[in-house]
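Please look through the model below with its helix packing, its domains and its ligand surroundings in mind. The report that follows takes these topics in turn.

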Amino acid sequence: MKVAWAGSRETLELSDRMAKLVANDPVFEKFTRPMLGRKELFKNTLRKAAHGWKLIVDLRLTEEEAKWLRLYIDEPAYTDLHWGMFIPAIEGQGTEEQKKKWLPLAQKMKIIGCYAQTELGHGSNVQGLETTATFDPQADEFVIHSPTLTSSKWWPGGLGKASTHALVYARLIVGGEFHGVHGFIVQLRSLEDHSPLPGITVGDIGLKFGNGAYNTMDNGVLRFDHVRIPRNQMLMRVSQVTKEGKYMQSDVPRQLIYGTMVYVRQTIVVDASKALSRAVCIATRYSAVRRQFGSRNGGPETQVIDYKTQQSRLFPLLASAYAFRFVGEWLKWLYMDVKQRLEANDFSTLPEAHACTAGLKSLTTTATADGIEECRKLCGGHGYLVSSGLPELFAVYIPACTYEGDNVVLLLQVARFIVKTVSELGYKQPVGTTAYMGRVATLMQNNCAVRTAEDWLNPGAIVEAFEARAARMAVACGRQLAKFENPEEGFAELASDLVEASVAHCQLIVVSKFIEKLQQDIPGKGVKQSLEILCYVYALFLLHKHQGDFLAVGYLTPKQALLANDQLRTLYSKVRPNAIALVDSFNYTDHYLGSILGRYDGNVYPKLYEAAWEDPLNDSDVADGFHQYVQPILKQKLHSAKL
Ligand SMILES: CC/C=C\C/C=C\C/C=C\C/C=C\C=C\C(=O)SCCNC(=O)CCNC(=O)[C@H](O)C(C)(C)COP(=O)(O)OP(=O)(O)OC[C@H]1O[C@@H](n2cnc3c(N)ncnc32)[C@H](O)[C@@H]1OP(=O)(O)O
Ligand SMILES: Cc1cc2nc3c(=O)[nH]c(=O)nc-3n(C[C@H](O)[C@H](O)[C@H](O)COP(=O)(O)OP(=O)(O)OC[C@H]3O[C@@H](n4cnc5c(N)ncnc54)[C@H](O)[C@@H]3O)c2cc1C
């Protein structure tokens, strides 16, 4: 199962080597992180990033090894944005000449870059950005300017203190005409002493949610006062500005300017499976250690993992972690396919790639953020201790529902794609993830054939149920929209229904990709069978949770919905014997997991007890402040009879 989770034996071995390298290096210690003040915390992150880079250089790590190393260091840092957005943006939107100039500098870390798109006043509405880039043909330069307070760049990670350069998104003005938002490479700080260059105001935006957590990152604010950059620092793969001040659009669609977001959204889906699996690993191991009630004749109490309520909350999350892992693998393939096509100037699959990355980013991050919080509750009181690892994981993870596109805004993009597909059904055969809509007549007509709980253990029955629900919800939205004279008004009015239809479509993708995964050759005794059980758990859990949809569209009867729930209960009993093995298969070191409750050896209570004494409050028996603030109250002489 470890191989199935990792994707291949090579990846398992490689990631295992990197995990151990990090776990055994004292520089990467992280247990004291939540106790540190901001300055100390940030400096410590810089130290870890520098040490990580030294290891990458000294050990001549490959790009793949370096990625795993950064993952296991497990501390948000400017390097995430440098490698994860700045470099990919130049790769995707730069010309060959620009790539030749900037990529070696960035890859050798001679410069540090960030991705400066969002502003104080605008994040979701990218076309509404206010920063301007005005071409000055005399000087052959762009003038980058922040005309208003709300145009201040706000949020970019790595911007506040670390970056020397930024990829700045600004409205292009050539010859007095606006040409929409484009990307520009702008140097922010001196490469000698790191001080901000003239015209640049830059700093950190302040503390964020949680102790430690995402505060290791210097999310920044940035203003430009007529900052000049050479013309060739506009990324010019999509459109160009000539020396003479002529704006030219190439054959490449404009949307490619948003390409970095497509790339990162795809990586976020795989990251969701990592974050959720960490939380599930902690909650599952602890649920096997923790005992409450049920002792007979002085024997041990019941392991909480044996309670059906615990199983019905925990096992769907375990199944979701696996589901997100496999859909992430598929999405990576889809992205690579689109990338290759784009390089050959075939842009036909870009809209689907946008819809899939946006929708799956939204679906998996929402479920993961909620899932981590559920895992905290599954660990009872001890889950609230920082040493459980869950509070920090939650605090670091939840902004994933917002960054790289607010999850609701992204589902509305999916809705546009679905509505368009439905409206074109009469003359265009849908392909890819919307191919099922080509069978819309059948899906509208046929109802569920399930008669017994066992009938639900059938991939065909499950896929058809999810297809029928998604198709019927999409068609219902289409019909409602058709009643509006102005389609945009209709879209705004029906936005909540459209979001629900998008969720149904995205859940269908995840379920289908899990089922497709099971059609592949999966080596290892019992591995495929265990994955089949998890796949059914994932699908039937969703069906149970959203049974209102399946009933409302008239595909299921209440009896069939109940049978699905009966089957789900049976499936939980089948997961139970392998639950620990299924989380051990994630192959996480205790260092990466960062949790006393989730320790591999299960030695929870002694270690919790030990850790308590390491809290700074326990440095002395009598607390600092006792003599000043508590003792006077204890010693006071009160005159009032009542008191
Ligand atoms: C090693 C670690 C690596 C990396 C980091 C990993 C994890 C993250 C860790 C930490 C977080 C760090 C960084 C976070 C960074 C950021 O948040 S960067 C900022 C991200 N911002 C957003 O996501 C903004 C969201 N808004 C948008 O994307 C868009 O503006 C929109 C809402 C999707 C669209 O707006 P609008 O309706 O105004 O449409 P237009 O702009 O006019 O576009 C219309 C047509 O374009 C199509 N479209 C839109 N987006 C895309 C796209 N990305 N790709 C392809 N096509 C796109 C859209 O469908 C319309 O098409 P049409 O209908 O055919 O006309
Ligand atoms: C930790 C973190 C790191 C970040 N890193 C970066 C970075 O490196 N670079 C960068 O450029 N940006 C970064 N961002 C910014 C991030 O991309 C934006 O915050 C995000 O895109 C959401 O935009 P917003 O803040 O404008 O939200 P808003 O759009 O203001 O959202 C507020 C509310 O309005 C709703 N809403 C907005 N529009 C619509 C609509 N059309 N229909 C219905 N509802 C709507 C949303 O659903 C939400 O509920 C980061 C943000 C965070 C939190």
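## Crossing of α5 and α7

The crossing of α5 and α7 is right-handed, where a crossing is right-handed if the near helix is turned clockwise from the far one by less than a right angle, and left-handed if anticlockwise. This is a predicted model, in which local features need pLDDT of at least 70 and side-chain atom pairs count only at pLDDT 80 or more, while totals for chains, interfaces and linings use all residues. Residues are numbered from 1 along each chain as its sequence is written, with chains lettered from A and ligands numbered from 1 in the order in which they are written.

The axes of α5 (residues 78–93) and α7 (residues 259–289) come within 9 Å and cross at roughly 130 degrees, so that α5 is oblique to α7. Axes here are lines fitted to C-alpha atoms, for helices over the stretch in contact, with angles from 0 to 180 degrees between N-to-C directions; angles under 35 degrees count as roughly parallel, over 145 as roughly antiparallel, 65 to 115 as roughly perpendicular and the rest as oblique. The helices (H or I, at least four residues) and strands (E, at least two) are DSSP runs, numbered from the N terminus. On the α5 side, G84, M85, P88, A89, G92 and Q93 meet G259, T260, Y263, V264 and T267 of α7, contact meaning that C-beta atoms, placed from the backbone, lie within 7 Å. By class, the contact of α5 with α7 has five nonpolar, six polar and no charged residues (Ala, Val, Leu, Ile, Met, Phe, Trp, Tyr, Cys and Pro count as nonpolar, Asp, Glu, Lys and Arg as charged, and the others, Gly among them, as polar).

## Pairing of α13 and α15

Helix α13 (residues 459–482) and helix α15 (residues 495–518) have axes that come within 9 Å and cross at roughly 160 degrees, and the two are therefore roughly antiparallel to each other. The crossing in which α13 passes α15 is left-handed. Among the residues that make the contact are I462, F466 and M473 of α13 and L498, L508 and I515 of α15; by class, this contact of α13 with α15 has 14 nonpolar, four polar and four charged residues.

## Domains

The domain assignment, which is automatic or from a database, gives domain 1 (2–75), domain 2 (114–250) and domain 3 (259–582). The centres of domain 2 and domain 3, taken over C-alpha atoms, are separated by 37 Å, and seven residues of domain 2 are in contact with eight residues of domain 3. On the side of domain 2 that touches domain 3, the residues divide into four nonpolar, three polar and no charged.

Of the 31 residues around ligand 1, G84, V126, Q255, Y258 and G405 come nearest, a residue being near if its C-beta atom, placed from the backbone, lies within 6 Å. At least two residues of this shell come from each of α5, α7, α9 (350–378) and α11 (407–423), and α7 gives the most, with six residues. The shell around ligand 1 has 14 nonpolar, 13 polar and four charged residues, and domain 2 and domain 3 each supply at least three residues.

Technical notes
Contact = placed C-beta atoms within 7 Å.
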